[in-house]
Every structure is written in structure tokens, then in C-alpha cells.
Amino acid sequence: MKVGILTIGQVGEEIAGSLKDGLERIFPDTTCRVLDEKPQFLEKAFDKKRRQYRSNVLLGEIQAFAAEEEDLDRVLGVVDVDIFVPELNFVFGEASCPGKAALISLFRLKPEFYGEASDAELFLARAMKEAVHELGHTLGLRHCHRGSCVMHFSNSIFDTDKKQMLFCDDCYLKAALSINNMG
Ligand SMILES: [Zn+2]
Ligand SMILES: [Zn+2]
């Protein structure tokens, strides 16, 4: 599949490039590129009361963007702001399941957010897990009961750190089949 990484607002070039390389390694038959577009819809999603950004508004904008991009099978939006859905304090990401659009936030993946020393390797591993997880949802995958599988639900950063950035065998087969069916 062809994946475009869409950075929205301030997102480091380095992390976007590392995600591109990592996603190509994990998903079969997949090429990935960091898009040049600089979308301007971030502030539209800001919630003044919560001082966070609405995940569903951002995902809707990414969906609209993705619908126009005929040469891309999936678009992964990346933000570095805190995102939420009304029923939760925050989310690490959101995706259409199945669909063409996914979103991850880097905001709560940095060790600094938890008062720890910065750690580029840990930060990238967390970003990869969230990116693979949300793209997995776009391929129709649901949450997996296996705690080590990347499709396991993350309620907190501890859950994210516990799981691997890889699919379990069952989830990998489903993902590969879904990619295969794109033709
Ligand atoms: Zn999920
Ligand atoms: Zn699984």
C-alpha cells in the first residue's frame, strides 16, 4: 500500500522520516512518503475549554484530504498537540476502521511529558507503535486481546511501552490480506 505521512502544525522532520522508514519495514508491500503539504486546519480543532484539540475534527480533515489523493491508499496525520475525544481525557490517536485516514499525536509519547529525561529511541518506538496501531485500524483490524500485539488497546503510556511495534501472527495475516486486496 502507499502511505502518505501528513504533518499537521509543528512536527519534527526527523521523527516523520523515521516513521516513514519504520512503517515500510513493518507493513508488507508498502511504500511511504512524507508529504510536502502544510495543512492549516489545526486551530479549527482547538477546544478553548479543555485547551486540547478535537481528534474527530482533525480526523475528518485528514479524511477529506485523503479522499483527494488518488495515488495514496492511506494518509497518516501526525500532530504534536494534545488530542481528545469527549468521553476520554486524551487519546494517542484515532482512525477510520476501515478507511483511508489515521491520526496520531506525539504529545504524550515524549518521556519529557512524564517528567523523564528525553530519549529519542523510546520516543520513536512509542510513535511507531501508535502509527502501526492506527494504520492497522484503517485496514479493518480491531483491538487484539494479546498484550504484546501492536493492536492491543493502549489506555496509558505503560500499555504502549508493554506492547511490541509488531502485529501478532493473526493480526499480521489480516493486515497482509487487506493490503493484498488493494490490488
Ligand atoms: Zn485502537
Ligand atoms: Zn494481534
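Predicted model: local features only at pLDDT ≥ 70, side-chain atom pairs only at ≥ 80, totals over all residues.

Q: Where do Cys 149 and Cys 171 lie?
A: Cys 149 lies in the loop between helix 3 and helix 4 (157-162), while Cys 171 is in helix 5 (residues 169-180). They are 22 residues apart in sequence, so the pair ties those parts together.

Q: Are those two buried or exposed?
A: Cys 149 and Cys 171 are both buried.

Q: Switching to aromatics: how many aromatic pairs are there?
A: The count is five. One of them is Phe 27 with Phe 167, an edge-to-face pair at 5.5 Å centre to centre with 75° between the planes.

Q: Where do Phe 27 and Phe 167 lie in the chain?
A: They come from distant parts, 140 residues apart. Phe 27 is in the loop between helix 1 (13-26) and strand 2 (31-34), and Phe 167 is in the loop between helix 4 and helix 5. Both Phe 27 and Phe 167 are buried.

Q: What about Phe 46 and Tyr 53, how are they arranged?
A: Phe 46 and Tyr 53 form a tilted pair, 4.9 Å centre to centre and 55° between the planes.

Q: Is Tyr 53 buried or exposed, and why?
A: Tyr 53 counts as buried because its relative accessibility is 11%, and the cut-off for buried is under 20%. Phe 46 is partly exposed, with a relative accessible area of 25%.

Q: Now the surface. Which residues make the nonpolar patch?
A: Phe 107, Phe 113 and Tyr 114 make a nonpolar surface patch of about 240 Å². Ring pairs also link Phe 107, Phe 113 and Tyr 114 into a cluster.

Q: Where is Phe 107 found?
A: Look in the loop between strand 8 (101-105) and helix 3 (120-138).

Q: Why does Phe 107 count as partly exposed?
A: Phe 107 has a relative accessible area of 31%, and partly exposed covers the range between the buried cut-off of under 20% and the exposed one of over 50%.

Note on methods: Residues numbered from 1 in each chain as written. Chains lettered and ligands numbered in written order. Heavy atoms only, no water. Patch = residues over 30% accessible without salt bridge, like charges linked within 9 Å, V, L, I, M, F, W, Y side chains within 5 Å. Areas by Shrake-Rupley, 256 points an atom, 1.4 Å probe, with all protein chains shown as cover. Salt bridge = Lys/Arg side-chain N within 4 Å of Asp/Glu carboxyl O. Helix = DSSP H or I, 4+ residues; strand = E, 2+ residues; numbered from the N terminus. Buried < 20%, exposed > 50% of the residue type's maximum accessible area, 1.4 Å probe, protein only. Phe/Tyr/Trp six-rings, centres within 6.5 Å; stacked < 30°, edge-to-face > 60°.
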